[in-house]
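Welcome! Let us take a friendly walk through a protein fold, one piece at a time. Have a look at the sequence and the structure before reading on.

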Amino acid sequence: MQSFTYTITDPEGFHARPAGSFVKEAKKFPCTIMVGKGDRKADARKMFGLMGLGIKGGDTISITTEGEQEVEAAEALKAFLEANL
């Protein structure tokens, strides 16, 4: 299992466009990928689940990957967040 936290720097937060791109990136990997905010979690492959977390600019989220290609998935998603959010 791999896990990391990231603080959203985009003032608009995790809105539809980057969330859709994030889902596409997450679907490239066969492992389980969860996004957490506070005590709530959502599957990174489900757009509505991610949007339901209500992630805003300045919020800190946690990403957990588990299973096949978990290390590659964590690295790719961290790079995605740093480049886009």
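Which strands and helix do the buried residues of H3 pack against? They pack against strand S1 (2-7), helix H1 (16-26), strand S2 (32-37) and strand S4 (60-66).

## Before we start

This is a predicted model, in which local features need pLDDT of at least 70 and side-chain atom pairs count only at pLDDT 80 or more, while totals for chains, interfaces and linings use all residues. Residues are numbered from 1 along each chain as its sequence is written, and side-chain values use heavy atoms, with hydrogens and water left out.

## The overall plan

The protein has three helices and four strands. These are DSSP runs numbered from the N terminus: H or I over at least four residues for helices, E over at least two for strands. Along the sequence, the pattern reads β-α-β-β-α-β-α.

How big is the whole thing? The C-alpha trace spans about 35 × 25 × 20 Å along its principal axes. The radius of gyration, taken over C-alpha atoms, is compared with a globule rule of 2.2 Å times the number of residues to the power 0.38. For 85 residues, a compact globule would come out near 12 Å, and the protein agrees with its 11 Å.

Contact here means heavy atoms within 4.5 Å. Among contacts between residues at least 6 apart in sequence, 70% join residues at least 24 apart.

## The sheet

The four strands form an open sheet in the order S1-S4-S2-S3, with antiparallel pairing. Two strands pair if DSSP finds at least two bridges between them. At the edges are S1 and strand S3 (40-43), each pairing on one side only. From one strand to the next, the twist averages 25°.

S1 and S4 run antiparallel and are joined by six bridges, whereas S2 and S4 pair in the antiparallel sense over five bridges. In the latter pair, Thr32 stands opposite Glu66 in S4.

## Helix H3

H3 (residues 70-84) has 15 residues and reaches 21 Å from its first C-alpha to its last, close to the 21 Å expected at 1.5 Å a residue; that expected span is 1.5 Å times one less than the number of residues. H3 lies across S1, S2 and S4, at about 5° to S1. Axes are lines fitted to C-alpha atoms (for helices, over the stretch in contact), and angles run from 0 to 180 degrees between N-to-C directions.

Which residues of H3 are buried? They are Glu70, Ala73, Ala74, Ala76, Leu77, Phe80 and Leu81. Buried means under 20% relative accessible area, exposed means over 50%, and partly exposed lies in between (1.4 Å probe, protein chains only). An α-helix has 3.6 residues a turn, so residues three or four places apart point the same way.

## The nonpolar core

Of the 85 residues, 41% count as buried. A nonpolar core is a set of buried Ala, Val, Leu, Ile, Met, Phe, Trp, Tyr and Cys residues joined through side-chain atoms within 4.5 Å. The largest one has 26 residues, and those with the most contacts inside it are Phe14, Phe22, Ile33, Val35, Ile61, Ile63 and Leu81. S1, H1, S2, S4 and H3 each supply at least two residues of this core, with the largest share, six residues, coming from H3.

Beyond its neighbours within four places in sequence, Ile63 is in contact with several residues, including Phe4, Phe22, Ile33, Val35, Leu77 and Leu81.

## A closer look at Gln2

Gln2 lies in S1 and stands opposite Thr65 in S4. Is Gln2 buried or partly exposed? Gln2 counts as partly exposed because its relative accessibility is 30%. The C-alpha atoms of Gln2 and Glu66 are separated by 6.4 Å, although these residues are 64 apart along the chain.
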